[in-house]
Amino acid sequence: MTLELSSDVMQRLLDEAANAHPCECCGVLLGTASRIEEVVPAANVHAEPARHFEIDPQTLIDAHRAARTRGPQVLGYYHSHPNGRTGPSPRDAELAAGDGVVWAIIAAGGVTFWRSGDGGFHALPYVVRDR
Ligand SMILES: [Zn+2]
């Protein structure tokens, strides 16, 4: 599967990471099928936000409610790695539920996408396509 997103969404992810630096940004990805339509920033409520992330639970609740009431699904989550590590960390692998959701990781001026599946993360190819 190839993930699709607009250049606006891509820029938004990069901006979120830059604005949160040196802490990790985090949030929710909403969309339909295989296209990310919206970025929903969340507060990083982890006690060590420069090294870890924990999405504000209220943002998750609101995102799932929005998915039920107005359409876009919760495709997954994003966070940044201020240390520049471009792939999932061992800690991310522990957090990943293997439930098929998309993880976007912003690091080193770029974004990589992953699916949390059986046996860990799999890199997701993506295209930036504006409509
Ligand atoms: Zn991470």
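**The metal site**

His81 is buried, with a relative accessible area of 7%, where buried means under 20% relative accessible area (1.4 Å probe, protein chains only). This is a predicted model, in which local features need pLDDT of at least 70, side-chain atom pairs count only at pLDDT 80 or more, and totals for chains, interfaces and linings use all residues. Residues are numbered from 1 along each chain as its sequence is written, and side-chain values use heavy atoms, leaving out hydrogens and water.

- His79 is buried too, at a relative accessible area of 1%.
- The zinc ion has as its protein donors (N, O and S atoms within 2.8 Å of the metal, or 3.2 Å for Na, K and Ca) His79 (NE2), His81 (NE2), Asp92 (OD) and Asp92 (OD), lying 2.0 to 2.6 Å away.
- Water is not among the atoms, so sites may look incomplete.
- Along the sequence, the donor residues follow the spacing H-x1-H-x10-D.

**The sheet**

- Strand S2 (residues 26-32) pairs with strand S3 (residues 35-42) in the antiparallel sense over seven bridges; two strands pair if DSSP finds at least two bridges between them.
- Gly27 has Pro41 in S3 as its bridge partner.

Terms used:
Buried means under 20% relative accessible area, exposed over 50%, partly exposed in between (1.4 Å probe, protein chains only). Helices (H or I, at least four residues) and strands (E, at least two) are DSSP runs, numbered from the N terminus.
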